[in-house]
There are 10 protein chains.
Amino acid sequence: MSEADSPRSLLETFENPYPNRDYVMETVCPEFTSVCPKTGQPDFGTLIITYIPDQVCFELKSLKLYLQSYRNVGAFYEDVTNRIMDDLVAVTDPRWLELRAEFTPRGGISSTITVSHHKAGNEE
Amino acid sequence: MSEADSPRSLLETFENPYPNRDYVMETVCPEFTSVCPKTGQPDFGTLIITYIPDQVCFELKSLKLYLQSYRNVGAFYEDVTNRIMDDLVAVTDPRWLELRAEFTPRGGISSTITVSHHKAGNEE
Amino acid sequence: MSEADSPRSLLETFENPYPNRDYVMETVCPEFTSVCPKTGQPDFGTLIITYIPDQVCFELKSLKLYLQSYRNVGAFYEDVTNRIMDDLVAVTDPRWLELRAEFTPRGGISSTITVSHHKAGNEE
Amino acid sequence: MSEADSPRSLLETFENPYPNRDYVMETVCPEFTSVCPKTGQPDFGTLIITYIPDQVCFELKSLKLYLQSYRNVGAFYEDVTNRIMDDLVAVTDPRWLELRAEFTPRGGISSTITVSHHKAGNEE
Amino acid sequence: MSEADSPRSLLETFENPYPNRDYVMETVCPEFTSVCPKTGQPDFGTLIITYIPDQVCFELKSLKLYLQSYRNVGAFYEDVTNRIMDDLVAVTDPRWLELRAEFTPRGGISSTITVSHHKAGNEE
Amino acid sequence: MSEADSPRSLLETFENPYPNRDYVMETVCPEFTSVCPKTGQPDFGTLIITYIPDQVCFELKSLKLYLQSYRNVGAFYEDVTNRIMDDLVAVTDPRWLELRAEFTPRGGISSTITVSHHKAGNEE
Amino acid sequence: MSEADSPRSLLETFENPYPNRDYVMETVCPEFTSVCPKTGQPDFGTLIITYIPDQVCFELKSLKLYLQSYRNVGAFYEDVTNRIMDDLVAVTDPRWLELRAEFTPRGGISSTITVSHHKAGNEE
Amino acid sequence: MSEADSPRSLLETFENPYPNRDYVMETVCPEFTSVCPKTGQPDFGTLIITYIPDQVCFELKSLKLYLQSYRNVGAFYEDVTNRIMDDLVAVTDPRWLELRAEFTPRGGISSTITVSHHKAGNEE
Amino acid sequence: MSEADSPRSLLETFENPYPNRDYVMETVCPEFTSVCPKTGQPDFGTLIITYIPDQVCFELKSLKLYLQSYRNVGAFYEDVTNRIMDDLVAVTDPRWLELRAEFTPRGGISSTITVSHHKAGNEE
Amino acid sequence: MSEADSPRSLLETFENPYPNRDYVMETVCPEFTSVCPKTGQPDFGTLIITYIPDQVCFELKSLKLYLQSYRNVGAFYEDVTNRIMDDLVAVTDPRWLELRAEFTPRGGISSTITVSHHKAGNEE
Ligand SMILES: [Ca+2]
Ligand SMILES: [Ca+2]
Ligand SMILES: [Ca+2]
Ligand SMILES: [Ca+2]
Ligand SMILES: [Ca+2]
Ligand SMILES: [Ca+2]
Ligand SMILES: [Ca+2]
Ligand SMILES: [Ca+2]
Ligand SMILES: [Ca+2]
Ligand SMILES: [Ca+2]
Ligand SMILES: [Ca+2]
Ligand SMILES: [Ca+2]
Ligand SMILES: [Ca+2]
Ligand SMILES: [Ca+2]
Ligand SMILES: [Ca+2]
Ligand SMILES: [Ca+2]
């Protein structure tokens with residue numbers, strides 16, 4: 001998937017209604033599916049997004065459509081997880097965000113990737 | 001929902017019978033429902049309110065009626081959670097309050113929002 | 001319930017047989033019932049009393065009769081919990097005591113109150 | 001098993017798509033089997049590999065084939081665990097890697113071996 | 001609710017794609033809510049519909065909208081359950097249909113209603 | 001409790017909205033309490049009422065008030081269970097009714113009583 | 001234990017308040033204790049009594065005292081279970097009665113005895 | 001999906017190695033996904049196939065590819081379940097086959113379809 | 001183990017105190033151990049004995065000693081289970097007896113043997 | 001695998017020590033592994049053998065070695081299950097035998113095969 005094909009533009013945001021307050025939102029997406037670039041077989045996983053929004057929040061229906069856009073995309077676990085991470089951070093510029101991707105077994109082997117981001121000035 | 005339509009006035013309080021003592025009350029409301037402003041579909045969730053009252057306590061039947069007033073109101077999760085937070089804090093001015101809102105899945109995606117408030121001079 | 005009507009005198013104690021040692025006693029009372037002062041309807045709850053006795057211990061049969069005396073008394077959750085707390089502390093003067101009151105749902109909403117007491121010189 | 005017979009060359013890698021970011025990948029392999037060098041009987045176990053990749057990632061299908069190459073190899077638990085550790089570290093040169101090997105019971109006794117590696121300059 | 005106000009017309013059907021075969025479909029709707037005609041308070045429940053379609057099937061999105069139409073309707077449990085039963089039977093004329101309605105507690109009391117229908121000539 | 005003191009009159013009914021159909025309603029009442037006639041101590045229990053209504057249904061709020069009327073009444077388990085059975089049958093004249101009363105332990109001993117009624121012509 | 005020492009006389013009954021109706025009462029007694037006649041060690045068990053009373057019911061406090069009278073009695077499991085069975089049947093002459101005695105482990109071995117009685121003319 | 005587009009041809013079989021014996025094979029496929037023809041949104045479900053093969057067995061890798069061919073196909077639950085049923089029966093002509101399809105929630109509503117087939121002369 | 005070495009004589013009985021009544025006794029022995037005759041390794045298992053005694057009962061302490069006598073005896077599962085069965089039947093001549101022996105895994109394989117006996121004239 | 005390569009000869013038996021009695025033995029083998037003939041990948045499964053021996057019993061250590069002989073054998077699930085079935089039946093000629101083979105997921109799909117055998121004259 002080239003950057004030009006990035007579905008980042010599908011992610012819509014709305015103004016954080018309470019930007020003066022730190023609050024945490026956790027979103028669980030158990031129906032993520034993409035395609036293995038090596039075998040062409042579909043992969044399945046659960047994405048768990050936890051973040052403290054800053055000036056904007058991601059809109060949930062657009063998140064659903066954004067994640068569905070990976071349905072027929074071929075990408076390694078490491079690539080797709082970090083790409084989604086990049087898109088979420090780029091679009092919402094959050095104070096803090098963690099993405100955890102739990103993939104179902106393939107060949108008797110299962111994998112989970114966890115990545116997190118702190119905005120400068122928001123480290124714990 | 002404009003501020004003028006706020007159901008905050010539905011929240012009744014009574015004098016904290018033991019204001020000289022810090023104690024914690026946790027209230028679980030599993031029947032919260034409002035309406036998605038984007039789709040017009042009903043949303044459902046469980047609200048968990050935990051607080052240390054200061055001079056007043058919220059009255060439970062008025063809390064029930066207050067929460068029921070959201071039944072046909074359209075609001076994003078982030079908005080409705082913070083609005084209820086604001087109303088609970090404004091009306092009870094508690095020493096500490098945490099609100100956790102767990103929403104049921106929509107489009108295969110579920111969200112939980114957690115927000116907390118410390119009165120000045122009551123930080124841990 | 002005026003202070004004059006307090007059932008505190010029902011609570012009997014006996015000499016702590018091992019006052020030189022800190023030990024913890026937890027007592028679970030799942031059959032507490034009183035009356036809602038607003039609706040006249042009965043309330044039900046479980047009280048969990050945990051304490052480190054000092055010079056005296058409360059006697060369990062007297063505790064049962066003491067709690068039964070609330071059967072037809074009207075009081076808010078916050079009031080009745082703190083009143084029982086006060087009575088237990090006044091009568092046993094414990095080194096530490098925690099009272100947790102878990103009330104059954106009313107109008108789809110359930111509440112739990114937790115309050116604790118440290119005798120001066122017994123803080124953790 | 002002599003070093004010459006090492007299946008290390010089966011492990012393939014690909015370029016870490018996000019080398020500028022520390023992220024954690026956990027891979028669970030519940031179908032590991034080798035042979036006890038003393039009895040000639042098969043051993044069974046679960047391998048859990050957790051690592052922060054540096055410049056390369058191990059490719060999962062090659063990991064599966066690499067682990068399958070132990071199917072008819074005779075080696076003690078301690079030997080096989082450390083040998084796999086060595087191969088994973090040699091091939092991926094990770095910032096951090098932990099290998100946990102949980103073997104099924106033999107003669108009513110079960111064993112688990114855990115070993116970890118920090119690249120110089122990546123200690124916590 | 002008069003018959004004229006019945007939301008029956010919201011229920012859409014489509015031609016059973018396999019009418020020559022008996023098959024069973026079970027649909028679970030955990031977000032049903034209506035209003036108590038006596039107290040004006042909202043009721044909540046889970047509806048479980050199990051049926052063998054004959055010539056038509058109910059369409060699931062229309063079922064959702066049909067059930068949502070009860071959101072602000074006042075009706076006793078017995079009435080609303082049988083009314084939904086009547087509508088489902090009238091619209092789909094199924095070979096067999098069972099409706100189970102599990103309502104959440106009110107005043108410390110919870111209720112479940114079960115009703116079933118066999119088309120003439122389809123008794124077990 | 002003499003028959004004259006019977007709270008039977010508290011039980012209100014409403015016309016069965018669907019008398020032409022056999023359906024089953026199960027009602028669970030976990031907050032029943034009465035008084036032991038021998039010791040004067042409160043008893044607690046859960047009542048489970050299952051019935052097929054005929055021409056009338058019992059109204060749930062009146063059932064709650066009816067059951068609350070036993071709060072300070074002294075009666076043996078066998079007596080109170082059968083008395084409630086008689087009242088439910090007398091007031092609703094159901095096609096079938098089963099009452100199960102599960103009492104909490106007293107003196108380390110717990111009891112459950114089950115009784116059922118078939119209207120003539122409705123035996124299984 | 002000779003028959004003369006039998007504690008049968010401790011069992012009190014009261015008139016069945018509803019002799020015209022078959023109903024089932026199950027009583028669970030988890031604190032039964034007696035003494036092993038061979039080792040002098042205490043035995044512990046749970047007795048479960050299920051019966052359909054005829055003209056009289058056993059009174060629960062007298063049952064508790066009756067069972068407590070075995071505290072220092074030496075008797076084999078088989079003996080004590082059947083003796084209690086005989087006493088319950090002799091005193092209440094029930095339509096049906098089942099006694100299940102579950103004894104806790106001794107020397108790593110646990111036992112359960114089940115015995116039942118049908119009054120002539122009450123067989124299933 | 002017209003019959004011409006049917007992926008039935010993807011299903012490969014091999015000769016039943018033991019046709020003289022009745023045996024049962026149950027296959028669980030938790031990663032089925034297709035598309036809702038009304039909303040264009042992806043559906044997810046688990047298929048459970050249980051059958052007694054006659055002269056041929058379905059080959060599992062071809063079953064996987066066959067089911068994956070529904071990934072971008074729009075079809076109602078009832079249609080897709082019966083279509084898969086038809087394909088499995090047509091290709092394997094089994095002595096008996098049951099298909100159970102459990103779909104994940106959509107709009108807060110979840111559905112399960114069960115269908116079975118007996119070859120003439122193989123009824124139970 | 002020759003018949004001459006049989007520990008049958010360790011099994012003591014006592015007169016059934018209630019021979020006129022059919023009652024069931026279930027005895028669970030989770031600490032049985034013997035030796036594998038092939039490998040010399042210890043075997044472990046749980047024996048569950050259920051029986052209706054006739055004229056005599058086995059005495060539990062003697063059962064324990066009897067079972068302990070197998071501690072250093074080498075015997076196959078099938079042999080030891082049936083031998084114990086024979087001994088129990090020979091010594092108590094019961095109306096009915098079932099023995100279930102659940103052995104713990106050996107070489108990754110676990111076994112359970114169940115055998116039962118009906119005295120002539122006591123078949124179900 | 002040709003019949004000539006059959007590991008049947010590895011299965012050893014010993015004389016049934018109690019051929020005059022019907023008894024049931026269940027043996028669970030959770031560490032079965034073979035190779036997929038199509039992909040060359042290892043398969044893993046649990047075999048559950050339940051049988052009533054006639055004149056001979058299979059010896060458990062030989063069963064383990066027999067099952068281990070499939071470690072590098074390529075065979076479809078249906079083939080390997082029925083082949084083991086045939087071998088067990090041929091070698092032990094049991095009164096009754098059931099084999100259940102539960103295979104771990106491959107490509108997100110898992111399978112279980114169940115087959116049983118009754119000796120002529122031993123049908124239920
Ligand atoms: Ca969290
Ligand atoms: Ca987390
Ligand atoms: Ca909390
Ligand atoms: Ca404690
Ligand atoms: Ca505590
Ligand atoms: Ca707390
Ligand atoms: Ca770890
Ligand atoms: Ca059902
Ligand atoms: Ca029921
Ligand atoms: Ca029942
Ligand atoms: Ca029973
Ligand atoms: Ca099945
Ligand atoms: Ca089924
Ligand atoms: Ca039993
Ligand atoms: Ca059994
Ligand atoms: Ca079985």
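**Stop 1: chains J and D**

Select chain J and chain D in this predicted model. Two salt bridges are counted between chain J and chain D. To see one of them, show the side chains of Arg106(D) and Glu31(J). They meet with N to O at 2.8 Å.

Now widen the selection to the whole interface. On the chain J side, 14 residues are in contact with chain D, and chain D contributes 14 residues to the contact. The area buried between the two chains is about 1,200 Å². Carbon and sulfur atoms give 39% of that area. Which residues of chain J lose the most area to chain D? Pick out Glu31(J), Phe44(J) and Arg71(J). Together they account for 51% of what the chain J side buries.

**Stop 2: chains B and A**

Move to chain B and chain A. Here 19 residues from chain B and 23 residues from chain A make the contact. The pair buries about 1,800 Å², with 56% of it on carbon and sulfur atoms. In chain B, select Glu78(B), Asn82(B) and Ile109(B).

How many salt bridges are counted between chain B and chain A? The count is three. Show Glu12(A) and Lys38(B) for one of them. Their closest N and O atoms are 3.3 Å apart.

**Stop 3: a helix pair in chain E**

Select residues 60–68 of chain E, which form helix 1, and residues 77–92, which form helix 2. Their axes come within 12 Å and cross at roughly 150°. An angle over 145 degrees counts as roughly antiparallel, so helix 1 and helix 2 of chain E are described that way. The crossing is right-handed.

Next, show the side chains at the contact. From helix 1, take Leu63(E), Tyr66(E) and Leu67(E). They meet Arg83(E), Ile84(E), Asp87(E) and Leu88(E) of helix 2. By class, this contact has five nonpolar, no polar and two charged residues.

**Stop 4: a helix pair in chain I**

Go to chain I and select helix 1 (residues 60–68) and helix 2 (residues 77–92). They pack at an angle of about 150°, with their axes 12 Å apart. Helix 1 and helix 2 of chain I are therefore roughly antiparallel. Helix 1 passes helix 2 in a right-handed crossing. Finish with the contact residues: Leu63(I), Tyr66(I) and Leu67(I) of helix 1, and Arg83(I), Ile84(I), Asp87(I) and Leu88(I) of helix 2.

Key: Residues are numbered from 1 along each chain as its sequence is written. Chains are lettered from A and ligands numbered from 1 in the order in which they are written. This is a predicted model: local features need pLDDT of at least 70, side-chain atom pairs count only at pLDDT 80 or more; totals for chains, interfaces and linings use all residues. Side-chain values use heavy atoms; hydrogens and water are left out. Axes are lines fitted to C-alpha atoms, for helices over the stretch in contact, and angles run from 0 to 180 degrees between N-to-C directions. Helices (H or I, at least four residues) and strands (E, at least two) are DSSP runs, numbered from the N terminus. Angles under 35 degrees count as roughly parallel, over 145 as roughly antiparallel, 65 to 115 as roughly perpendicular and the rest as oblique. A crossing is left-handed if the near helix is turned anticlockwise from the far one by less than a right angle, and right-handed if clockwise. Contact means heavy atoms within 4.5 Å. Ala, Val, Leu, Ile, Met, Phe, Trp, Tyr, Cys and Pro count as nonpolar, Asp, Glu, Lys and Arg as charged, and the others, Gly among them, as polar. Buried area is the accessible area (1.4 Å probe) that two parts lose on being put together, summed over both. A salt bridge is a side-chain nitrogen of Lys or Arg within 4 Å of a carboxyl oxygen of Asp or Glu.
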